[in-house]
Amino acid sequence: MSATETQTRPAVLILLGPPGAGKGTQARMLEQEHGLVQLSTGDLLRAAVKAGTEAGKAAKAVMDAGGLVSDEIVLAILRDRMAQPDTAKGVILDGFPRTPGQAEALEALLAGQGASVSAAISLEVEDAAMVERIAGRYTCANCGAGYHDRFKTPAVAGVCDECGSTEFTRRADDNAETVRARLDAYHAQTAPLIGHYEGKGVLRRVDAMGDIAEIAAALRAIVTDASAR
Ligand code: ADP
Ligand code: ADP
Ligand code: ZN
């Protein structure tokens with residue numbers, strides 16, 4: 001950024017990657033460190049399912065089967081969330097966009113606000129690691145902090161590091177059959193977005209096979225760079 005420019009536009013970061021790549025884990029860390037707002041369409045959809053809204057009812061069967069929810073439903077939820085004032089600080093999109101149609105709709109939405117995608121970060125993992133990550137994933141039922149049976153255990157067994165809760169949940173779709181379908185959906189519908197963002201000059205590839213702290217350090221460097229543009 002030159003001395004005369006001031007940063008008026010919030011950073012819009014996209015985390016791309018297959019299920020289990022570590023998008024949610026890293027997005028939460030970026031939120032805590034950089035004051036960006038994590039916006040997970042998976043979390044928003046799960047909340048809609050739990051609340052029993054029309055969108056939630058329509059999404060449930062698709063999510064249980066490991067498919068992608070329709071662009072129409074996802075975009076309606078995303079637009080509502082993006083309209084809330086806290087997103088003005090900058091957002092980290094976790095699990096969105098997932099189709100070319102969603103990517104185009106996002107660009108139109110941002111253009112209307114004089115903004116654009118700052119960086120699309122592709123978390124690159126091998127399929128075998130991804131299956132292992134998903135199989136051991138669980139979450140604090142109170143605050144949503146993410147854990148793993150082997151790779152990220154709380155400091156005190158059975159107690160959430162962030163809020164002290166002793167209640168945890170596992171996602172219904174984190175099972176062997178559904179994972180296969182989710183991976184297929186990723187390769188067919190989401191992976192093409194890597195080329196899309198490469199063409200726009202905003203793609204950043206990150207090796208996501210390392211440990212959580214190493215990947216966080218790589219992302220920190222990208223976010224600092226993107227926020228300074
Ligand atoms: P995504 O949001 O991409 O589906 P998560 O962030 O939920 O992925 O991570 C999936 C699981 O793998 C979680 O249990 C998380 O604790 C764990 N995990 C995340 N990043 C790593 C990593 N780099 N190495 C090992 N396990 C990880
Ligand atoms: P993960 O990255 O671990 O697969 P998410 O929590 O991002 O999990 O998504 C869970 C499910 O929610 C997906 O399998 C899909 O059914 C639905 N979903 C989430 N985000 C989107 C999206 N942007 N477009 C369509 N479906 C979505
Ligand atoms: Zn907690």
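Tutor: Let us take ligand 2. Helix H2, residues 41–51, supplies the largest share of the shell around ligand 2, namely 4 residues (a helix is a DSSP run of H or I with at least four residues, numbered from the N terminus). This is a predicted model, in which local features need pLDDT of at least 70, side-chain atom pairs count only at pLDDT 80 or more, and totals for chains, interfaces and linings use all residues. Residues are numbered from 1 along each chain as written, chains are lettered from A and ligands numbered from 1 in the order written, and side-chain values use heavy atoms, without hydrogens and water.

Around ligand 2 there are 20 residues, where a residue is near if one of its heavy atoms lies within 4 Å. Those that come nearest are Lys23, Thr41, Arg46, Gly67 and Gln102. By class, the shell holds 7 nonpolar, 6 polar and 7 charged residues (Asp, Glu, Lys and Arg count as charged; Ala, Val, Leu, Ile, Met, Phe, Trp, Tyr, Cys and Pro as nonpolar; the others, Gly among them, as polar).

Polar contacts are pairs of N or O atoms within 3.5 Å. In one of them, a polar backbone atom of glycine 67 lies 2.6 Å from an oxygen atom of ligand 2. For lysine 23, an N or O atom of the side chain is 2.8 Å from an oxygen atom of ligand 2. Arginine 171 likewise has a side-chain N or O atom 3.0 Å from a ligand 2 oxygen. On its own, ligand 2 has 550 Å² of accessible area, and the protein covers 97% of it (Shrake-Rupley method, 1.4 Å probe).

Methods
Polar contact = N/O pair within 3.5 Å; in protein donor to acceptor, adjacent residues only side chain to side chain. Helix = DSSP H or I, 4+ residues; strand = E, 2+ residues; numbered from the N terminus.
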